[in-house]
Amino acid sequence: MAVVSSAHSTIFSKTSLFHHINGFKRFSFCLPFSSSAVASLSSKKKWRQPVASSVLELGGIKIAKDDVVRDDPTNNVPDTIFSKLGLQLHRRNNHPLGILKNGIYEYFDTNFSNMFHKFDDLCPVVSVKQNFDDVLVPADHVSRSYNDTYYVDSQTVLRCHTSAHQAELLRRGHTHFLVTGDVYRRDSIDSTHYPVFHQMEGVRVFTPDNWEASGLDPTSYAAEDLKKSLEGLARHLFGAVEMRWIDAYFPFTNPSYELEIYFQGKWMEVLGCGVMEQEILKISGRSNSVAWAFGLGLERLAMVLFDIPDIRLFWSTDERFTSQFSEGQMGVKFKPFSKYPPCYKDMSFWINDSFTENNLCEVIRGIAGDLIEEVSLIDNFTNKKGMTSHCYRIAYRSMERSLTDEEINDLQWQVREQVQNKLNVVLR
C-alpha cells in the first residue's frame, strides 16, 4: 500500500494518492545493474547533466532507452529520470535507505517468525491497470494525470507507488509480503521532494480460521492486528514514543488510518494503512479473506532517523556522505561535511492556461539537475487584461562544492530559454 507526505511516503496520502503493470509484462522482476549515470562534480569543470546509459538490463531482459524515453505525445519520461532506473538505493546495505529497509525486515522477521515474503527487485515499469485500476484509484483522480505521473505510453507508466504489485502478488498466492522499491512522481523541488523516491508496502491476509474464534467481525479483527503490528514497528524504529491514530481516507482501504508519533517535540506522520477493500481481494481470488495493508516512505523516515537535511543527499556518491553509514547501524546521525552558499535567481513570466508548476520544475531539473535546491513561487498577480504573472525564485546550491557565478548564470540563461520555449510562457 502506498503512502505520501513530505519526503514522500506511499499511496496513502491526504494530498496525492502516491508522496510517485504491463505493457512490459515480461519485465516483472528487475535485477540491479551497474550504471555510469552518476556524474562526478569537478570544481574545475562546469556541471553537466548525468548521461543515462542507452540500455539497461532489468531481470535479465535488456531495455533500450528508446523503450522508456520516446519522442511520442503520450510519453513524458525525461533522460534524467531514465538515468535513475535500476540504481536501487534501497538494495545497498551501507546506504541509509538500505539500512532502514533491513531494520524493518528485522522487526517483521523477529515478530512474525519469518512469515513475510520480501520483494525488493520488482520492475518499476508497470501498466496503468496495475498502478491505478487494481488498487481502485478513481478514473478522474489527479494522480492519473500527465502532470503527476511519468507515462511511457498511454497504457504504461513508471510506478507511482509499490501498491502497483499488490494484486499480482495476491493472485500468485502470497498472503504475507513486504514490497520495497523505487517509485516515480513528477513533483515540486525542495529539500523533502524528489521525482524518484522509495517506498515499502506491507500486506497480511487472514482467513475465517483466524478471526472466527476471536469473537470479532473480520474487519475489526484485521484492524486490531494492524494497529498492534504497526505500533510495534514504530517502537522498533523510534523507541518508546507516544503514538496516535488518525482516521483517514484512501480508495483501497476501509477503514483507513494514519499513524503519528510524538518525536523531537512534534507530531510526525509515520505511515498510512487500513483494512483492504474487499473488491481488491475479490479480483485477486480471495473473496472469503480479509487483509490489512500499510505503506511508508523510506526517505521520510530516514531523514528523521539519520538527521539528513536534504533529500538530494541520498543520491550523493561523495565519500564524505557514503562513508558515514554502515550496514546494520540504524540511526547514525549524519554529520554535514560542508555548507556551500546558495545563489538565488528570480524569473517572472506571464502564464497560460496549460501552465503547471510540475511542468516548470521538470524543465528546470532537466537543465540543472541536483544543483537546484528549491523552486518557490514568491509573487503572482493578474492584470486588468486578465493575464496572470508568476515570479519564481530558484535556489542553486551544490551539496559538494561552491558554484561559480559563470556556471550559475549559464544555467539560469538556459532555464529562461527552455521555460519560454517548452512551456510557451512570456518572460517579463
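## Helix packing, aromatic pairs and backbone exceptions

Tyr107, Phe108, Phe112, Phe116, Trp292 and Phe294 form one aromatic cluster. The model is a predicted one, in which local features need pLDDT of at least 70, side-chain atom pairs count only at pLDDT 80 or more, and totals for chains, interfaces and linings use all residues. Residues are numbered from 1 along each chain as its sequence is written, and side-chain values use heavy atoms, with hydrogens and water left out.

**Aromatic pairs**

Across the whole structure, a search finds 23 aromatic pairs. Rings of Phe, Tyr and Trp (its six-membered ring) pair if their centres lie within 6.5 Å; planes under 30 degrees apart count as stacked, over 60 as edge-to-face and the rest as tilted. One of the pairs is Tyr107 with Phe112: the ring centres are 6.3 Å apart and the planes stand at 75°, so this pair is edge-to-face. Tyr107 and Phe112 are both buried, where buried means under 20% relative accessible area, exposed over 50%, and partly exposed in between (1.4 Å probe, protein chains only). For Phe334 and Phe337 the ring centres are 6.1 Å apart and the planes are at 90°, so this pair is edge-to-face. Phe334 counts as buried because its relative accessibility is 8%.

**Helix pairs**

Two packed helices are described by the angle between their axes and the distance between the axes. Axes are lines fitted to C-alpha atoms, for helices over the stretch in contact, and angles run from 0 to 180 degrees between N-to-C directions. Helices (H or I, at least four residues) and strands (E, at least two) are DSSP runs, numbered from the N terminus.

| Helix pair | Angle between axes | Distance between axes |
|---|---|---|
| helix 3 (residues 96–111) and helix 7 (residues 218–238) | roughly 130° | within 10 Å |
| helix 3 and helix 9 | about 100° | 10 Å |
| helix 11 (residues 357–368) and helix 12 (residues 405–423) | roughly 140° | within 9 Å |

Angles under 35 degrees count as roughly parallel, over 145 as roughly antiparallel, 65 to 115 as roughly perpendicular and the rest as oblique. Helix 3 and helix 7 are therefore oblique to each other, and their crossing is right-handed. A crossing is left-handed if the near helix is turned anticlockwise from the far one by less than a right angle, and right-handed if clockwise.

Helix 3 contributes Leu100, Gly103, Ile104, Glu106, Tyr107 and Phe108 to the contact with helix 7, which supplies Lys228, Ser229, Gly232, Leu233, His236 and Leu237. Contact means heavy atoms within 4.5 Å. By class, six residues in the contact of helix 3 with helix 7 are nonpolar, four polar and two charged. Ala, Val, Leu, Ile, Met, Phe, Trp, Tyr, Cys and Pro count as nonpolar, Asp, Glu, Lys and Arg as charged, and the others, Gly among them, as polar.

Helix 3 and helix 9 are roughly perpendicular to each other. Leu97, Leu100 and Ile104 of helix 3 meet Leu298, Glu299, Leu301, Ala302 and Leu305 of helix 9. The contact of helix 3 with helix 9 has seven nonpolar residues, no polar ones and one charged. Helix 9 (residues 298–305) is mostly covered, with eight of its eight residues buried.

Helix 11 and helix 12 are oblique to each other, and the crossing of helix 11 and helix 12 is right-handed. From helix 11, Asn359, Leu360, Val363, Ile364, Ile367 and Ala368 meet Leu411, Gln414, Val415, Gln418, Val419, Lys422 and Leu423 of helix 12. The contact of helix 11 with helix 12 has nine nonpolar, three polar and one charged residues.

**Backbone exceptions**

Most residues other than glycine have a negative phi, and most peptide bonds are trans. Gln88 is not a glycine, yet has a positive phi of about 45°. Gln88 sits in the loop between helix 2 (79–82) and helix 3 and counts as buried at 5% relative accessibility. Leu136, also not a glycine, has a positive phi of about 65°. Leu136 is in the loop between helix 4 (128–131) and strand 5 (151–153), and at 25% relative accessibility counts as partly exposed. Asp307, which follows helix 9, has a positive phi near 60°. The peptide bond from Asn254 to Pro255 is cis, with omega near 0°, and Pro255 lies in strand 10 (residues 253–263).

**Gly181**

Gly181 lies in strand 7 (residues 176–184) and is buried, with a relative accessible area of 0%. Not counting residues up to four places away in sequence, Gly181 touches His90, Arg159, Thr162, Phe197, His198 and Gln199.
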